Every structure is written in structure tokens, then in C-alpha cells.
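Colleague: I would like to learn how the terms are applied here. Please take me through them one by one.

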Amino acid sequence: MELIEKTKDLSLSAAIRAVIEKHRITHTETVHCPKHGDYAANVTAAGRVSECPCCEKDAAEAEAAKKAEQANRRLLEKLGRCGIPKRHQGCRVNTYQADTPKQQALKTAVAEYIREMQTGSLKRNFVMLGNCGTGKTHLACAIGMAAVQQGKTVLFATASEIIRRVQAAHKSNTETEWDVMQEFERLDLLVVDEVGVQYTTESANRIITEIVNARYNAEKPTVFISNLGSDEFQAVMGERAMSRMKEDGCKPFVCDWADYRIGRSHAT
């Protein structure tokens, strides 16, 4: 048995040496490439002549361009599904202009939120409240775009759109309200805009609250945007939902500075 094993080892070693010898470069010679002209080629013991380095570079660049095009196509497909408005798909944290300490604090908090998301440890919510034109949508979309580029499933929608989507299931023959609620729960990131505008019925309020609770239990982050004040937002969301958000470290940011749109065009 031992002799057989030794014989196998010797055979394997011989095979490895043969492969190494086959690929050993023995000399160089000048070879003509029809496209790039003469080049110094390496020739192996087996007679293999190395390819033209310019052709290899062109092939590598073409492959890289192909992969970049495929990645861009996948990104565009995701953007078509994620709901981030085309106007805001170029929003990034570094393009948000922070002139005051409050604005800088918000910008820093959003950047940290994105970093936490990129590490895979993000489960807390993020809330931006206050005046129109203070950059809430800009920063929310910046978070959404970072998630999309990371390959995460993302949806940007108004609270009213979410409610209509759920309520439409009541008239559907192919899906139930539970099915739709599960869609919202499974998203890696949900961005809910215009919170507070839609609450005209108890049913509407229940839908948003149940989605918040489901995502909390699934440890999935949600970003909320609202023109409401802090007290109004807490009243709309309900004590239970607010308690759960605070438990995970969510602290609403109140954007009480002037409208960027007055004299500026970059913030929303």
C-alpha cells in the first residue's frame, strides 16, 4: 500500500514537472502582428508564442467596457424599478451644500448612515422633517442611490402611493393585501416621502403603521421624509411605531432652515 502511494506521488510530481517544462520560456523572437506590427514574443518549450501585448490590451479594454456597459444596464433597470425620480438620480451626499452647523450635522449623519448600510449592519430608520426646499429629498435620494449602486432592492414612494398599492390588492384576483405588504417588508431599503399627507382614514394609517412594524421586526431600514413638525410626525406615526424607531437609535432631524429654492436650484 505504501509503495503504491509513493508511486502515485512520483507520478504526480513527474506530471507537475512536465507541465512546468511545457510552459518554460526558452527564448524570444520577433513576431509580426498584422494590426500592431512587430513585437518581441516569448516562446515556450512547447513552442507556444505569446500574443501581441497591444492586442491583449485591446481585448482587456474591450472586456472591461463590456462589463461596464452590462453594469450600467443593470443599474438603469434597477433605477426604473426603484422609483427614485429621474430629476434626483444624480443626488449624492457630497453635492448637498451645507452652510450651517445644522445642515452639516445632517449631511454628516446621512454619510454615516450610508457607510453603515455599506457594511451590512444597518437596521435603523432615518427621519427628516420640516420645511419644503431644505434638501430632504436630495439626501433621501442620495441614500437610495447608494443602496441601488450596492445592488440592494430599493423603493422610493410617497406614503399615498404605498397606501394605494396596498388597497389595490383588495380588488385584485391575483394578489392579496398580505402579498403586497410582504413586498414592502422584503425591500432592503424603503424611502417614504410625504408622510402625513395621506392620513385621511384609519385604514390608511394602519397600512403605514403595519409596514413600519413589519420592517422593524425584519431589521430593515426605512427613510421617512415629511413636512410635518416633530410633534405632528410622532402623532401621525403613533406611539408604538415611534417607540420602536427610537429603540434602534433613530432621532428625527428637523430641517428648519430657509428654502433652498429661493435663489438656489440644487436642493429639493
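Modeller: Start with helices: helices (H or I, at least four residues) and strands (E, at least two) are DSSP runs, numbered from the N terminus. The expected span of a helix is 1.5 Å times one less than its number of residues. This is a predicted model, where local features need pLDDT of at least 70, side-chain atom pairs count only at pLDDT 80 or more, and totals for chains, interfaces and linings use all residues. Residues are numbered from 1 along each chain as its sequence is written, and side-chain values use heavy atoms, with hydrogens and water left out.

Colleague: How many helices and strands does the chain have?

Modeller: The secondary structure comes to 9 helices and 7 strands.

Colleague: How do you know what span to expect for α7?

Modeller: Helix α7 covers residues 202-217, which is 16 residues. At 1.5 Å a residue, 22 Å is expected. From first C-alpha to last, α7 reaches 22 Å, close to that value. After α7 comes Glu-219, with a positive phi near 55°.

Colleague: What makes a residue buried or exposed?

Modeller: Buried means under 20% relative accessible area, exposed over 50%, and partly exposed in between (1.4 Å probe, protein chains only). Buried residues make up 39% of the 268 residues in the chain. In α7 they include Ala-204, Ile-207, Ile-208 and Ile-211.

Colleague: Which elements do the buried residues of α7 pack against?

Modeller: Contact means heavy atoms within 4.5 Å. The buried residues of α7 pack against α5 (159-168), α6 (177-186), β5 (189-193), β6 (222-226), α8 (230-237) and α9 (239-247).

Colleague: Why are α8 and α9 called roughly perpendicular?

Modeller: Axes are lines fitted to C-alpha atoms, for helices over the stretch in contact, and angles run from 0 to 180 degrees between N-to-C directions. Angles under 35 degrees count as roughly parallel, over 145 as roughly antiparallel, 65 to 115 as roughly perpendicular and the rest as oblique. The axes of α8 and α9 cross at roughly 110° and come within 6 Å. So the two helices are roughly perpendicular to each other. On the α8 side, Phe-233, Gln-234 and Met-237 make the contact. On the α9 side, Glu-239, Ala-241, Met-242, Met-245 and Lys-246 do.

Colleague: What makes a pair of side chains a salt bridge?

Modeller: A side-chain nitrogen of Lys or Arg must lie within 4 Å of a carboxyl oxygen of Asp or Glu. By this rule the count comes to 9. Take Asp-58 and Lys-35: their distance is 3.5 Å, N to O, and they meet in a salt bridge. Asp-58 sits in helix α2 (residues 53-82), and Lys-35 in the loop between β1 (25-33) and β2 (37-44), 23 residues apart.

Colleague: Why is Lys-35 called exposed?

Modeller: Its relative accessible area is 62%, so Lys-35 is exposed. Asp-58, at 29%, counts as partly exposed.

Colleague: How do you know whether Arg-124 and Glu-116 are buried or exposed?

Modeller: Arg-124 has a relative accessible area of 18%, so Arg-124 is buried. Glu-116 has 19%, so Glu-116 is buried too. Their side chains meet in a salt bridge at 3.0 Å, N to O.

Colleague: What separates Glu-210 and Arg-206 in α7?

Modeller: They are 4 residues apart, so about one helical turn separates Glu-210 and Arg-206. Their side chains meet in a salt bridge at 3.3 Å, N to O. At 35%, Glu-210 counts as partly exposed. Arg-206, with 29%, is partly exposed.
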